[in-house]
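Please walk me through this structure, starting with a strand and its neighbours and then turning to a pair of packed helices.

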Amino acid sequence: MPELPEVEITARRLDAALRGAQIESALAPGINALKTFRPPLSALDDRAITGVRRRGKNVVVDVSGDLTLLVHLMSAGRLQLFDKRAGPRDRTSRLLVRIAGGRELRLREFGTKQAAWVKLVRADQLETDEALAKLGPEAWPDPPADLGARLQAPRPLHGMLRDQRVIAGIGRSWVDEILWTARLSPFKRGDDLSDEEAAALRDAIATVLDGAIEHYECVVALPIADKLPLPLLVHRHAGEPCPRCATTIEAVHYEDYVICYCPAEQTAGRVLKDRRLSRLLK
Ligand SMILES: [Zn+2]
């Protein structure tokens, strides 16, 4: 989180509110989230925002004068537009873009990790930036037609679908929803996928991401809330009944993510070993 649907709604809302807006100045307070130093942030002064869009899980803010701000929210960042400027005690801000008239676009980050980042690049250097150059095809609105071929590797689907070089936009939350929708095991290897299963997976990616974005269209307004109302059915629902078949949703915990699945519909009834539990028992 945020993944493709959350970044998409963020970009849509910001585009509607900021297209044509004039930037007064920008600064990156505290520990610097800004990963580039040429051009300097001051290059944004007195420029106009010409659009806000999404690429994979990145937000792209296009600025006049052939400049582009590339923003990655990582796991706990938010890009929020406020009517007033941040006070000096706001410790969550990583980037402040002051808009003429008093508004402020803020990259804020919650939690202890500081991972969200920003790059200011020349527009013609955007696509060759390492963050975008290696991105696979977008997962939405049209998942790649060659999805089955792209997944031909001896790696579990759960990891492959989150690999941005294979397909761009899916992360730890939505991958569980997609695999559950397709009735596929998160541990099934990509090279074990039949043509029918690959087609079901492609459908599931489109349906699940479509549904999430439609949901956000109804419930998300500016300034985008710190906590988005994620319409998840399986992820974060371990121990609860599966919404389709009422079997208890199981979970496998890893160091920094959790896989949730329905054993009846996804793993032929098998409950997979929870690594967290087995580590504790060693
Ligand atoms: Zn089920």
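The paragraphs below take up the strand pairing and then the helix packing.

This is a predicted model, in which local features need pLDDT of at least 70 and side-chain atom pairs count only at pLDDT 80 or more, while totals for chains, interfaces and linings use all residues. Residues are numbered from 1 along each chain as its sequence is written, and side-chain values use heavy atoms, with hydrogens and water left out.

Helices (H or I, at least four residues) and strands (E, at least two) are DSSP runs numbered from the N terminus. Buried means under 20% relative accessible area, with a 1.4 Å probe and protein chains only. E104, R106 and R108 point one way from β7, and L105, L107 and E109 point the other way.

Two strands pair if DSSP finds at least two bridges between them. Strand β5 (residues 77–82) runs antiparallel to β7 and is joined to it by 6 bridges; here F82 stands opposite E104. Strand β6 (residues 93–99) also pairs with β7 in the antiparallel sense, over 5 bridges, and L95 stands opposite L107. β6 and β7 form a hairpin with 4 residues between them, and G101 in the turn has a positive phi of about 100 degrees.

Now the helices. α1 (residues 4–18) packs against α6 (residues 195–219) at an angle of about 40 degrees, with the axes 9 Å apart. Axes are lines fitted to C-alpha atoms, for helices over the stretch in contact, and angles run from 0 to 180 degrees between N-to-C directions.

Key: Buried < 20%, exposed > 50% of the residue type's maximum accessible area, 1.4 Å probe, protein only.
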